[in-house]
Amino acid sequence: MLSTASRLRFSAIAKRSFATASSETKAAVADKKYKVVVVGAGPGGLSVSSTLSRMLGKDQVAVIDPASTHYYQPLWTYVGGGLKSFDESKRPMEDLIPSNADWIQQRVTKLDPDNNQVSLNNGKTIGYDYLVVAAGIQINWDQVKGLPEALGKDGVTSNYSPDSVQKTWKFIQEFKGGNALFTFPNTPLKCPGAPTKIVFLAEEAFRANGVRDKTNVIYNTSLGKIFGVDHYGRVLQGLADERGIQVNFQTELTEINAADRKATFRNNANKEVKTYDYDFLHVAPPQGPPTFIKESKLADAAGFVDVNKQTLRHNKYKNVYSLGDCSSLPTSKTAAAITGESGVLKHNLIADLEGKSVEQAEYDGYTSCPLIVGREQLILAEFSGYTGQPLETFPVDQRTISSAAQTLNKEFIPALYWNGLLQGIWAGPSKIRGALSPFRSTN
């Protein structure tokens, strides 16, 4: 039998335990819950949330994104190449969030799929029945020593930054000769054709400005070839050779010494280290999964959201989907890929929401990389990132340099992005490809 003192101690412990349990229970209750929560208001997040909020109505869909401005980043190659204004690439985020969706303008700090919750940097917790992760990719500027300090100054630029992209064309125009260096990192990155495109645009500008004969155009890429799909890569390499562009493979930028205008590279095949003087340096920075995804139970070994590459559903948590750059889908991370991904994801998620057993839509890895090789020149590369085989829309050989394809990409595709993809009504060119297939040569 317990003594009086023991009973009092036991009672106190029990009260404290109850209070702690009550506190934990309260903390586990979300501040607000939605049928669908979409993390990210890039092209993937807006496409999905636009469609689902029209379908489900008010108070059912939330979009979480802290950004006040939305950028159409594929246009930044044209901005850096002097062919478009920076203002054409941006719109206020508030103008693009679907009217039926709630915009939570906060940063996600934690994903908790076991409890169907998302934690925010303001301390709030949002619950969901279904989660769509479309958070994009994280740019890790500090993985190259000296890059953050050098960027945007003395000829060092990057079309991957909203600030420095506005200086790229200025630096190209001011260039008087010497070494013009361009890089491709040893990481995944969004729009993997972009580092190559600016090489060709800059080389053309150097010719136009009369400084090409005293310029070394050097493209140091960590890849083993100039472009991952040989169907187009062979043409691209031929153009580089023809235009005197020196391409060094498996060569990764590791450090910038801005004071001496030197850039250090490591050859990842033989570990040789080489330092170049530079007069112009365009950097494609290292990139990777957002930290809050990498640290969550949703991540695969590489830190990206671990989804089935056909259905876009998470391999463990069946009420979670992902698309775009933050997903594990083994295809090129482009806005074009998101068009196809979004259609598949919405088909499968809507079936879940309606409780219907339907045949699952499957994504074929479609992506596109419009390879700009001059102001009026473009190779419209369309292919499956899964197979490496062409998935071309038009009944012509799209490896051919085309001014019409340049006009399509520069003038018409942006309108399709703003008015189609972001509104949830454009899911890629597969139907057009099918309609034109009878006119395609089988040779």
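**View 1. A hairpin formed by strands E14 and E15 in this predicted model.** Four residues lie between the two strands of this hairpin. Look in the turn for Arg 261, whose phi is positive, at about 55°. The partners, E14 (residues 251-257) and E15 (residues 262-267), run antiparallel and are joined by six bridges.

**View 2. Strand E15 paired with strand E16.** Here E15 meets E16 (residues 273-277), again in the antiparallel sense, with five bridges between them.

**View 3. The largest nonpolar core, with 103 residues.** Val 37, Leu 131, Val 132, Phe 182 and Phe 227 are the residues with the most contacts inside this core. Because domain 1 (32-137 + 289-439) and domain 2 (141-287) both contribute residues, the core lies between them.

**View 4. The surroundings of Phe 182.** Leaving aside residues up to four places away in sequence, Phe 182 touches Ile 198, Val 199, Ala 202, Val 217, Ile 218, Tyr 219, Asn 220, Phe 280 and His 282. One of these neighbours, Ile 218, belongs to a second, separate core of 15 residues. Leu 151, Val 156 and Phe 265 are also among the members of that second core.

Conventions: Residues are numbered from 1 along each chain as its sequence is written. This is a predicted model: local features need pLDDT of at least 70, side-chain atom pairs count only at pLDDT 80 or more; totals for chains, interfaces and linings use all residues. Side-chain values use heavy atoms; hydrogens and water are left out. A nonpolar core is a set of buried Ala, Val, Leu, Ile, Met, Phe, Trp, Tyr and Cys residues joined through side-chain atoms within 4.5 Å. Buried means under 20% relative accessible area, exposed over 50%, partly exposed in between (1.4 Å probe, protein chains only). Domain bounds come from an automatic or database domain assignment. Contact means heavy atoms within 4.5 Å. Two strands pair if DSSP finds at least two bridges between them.
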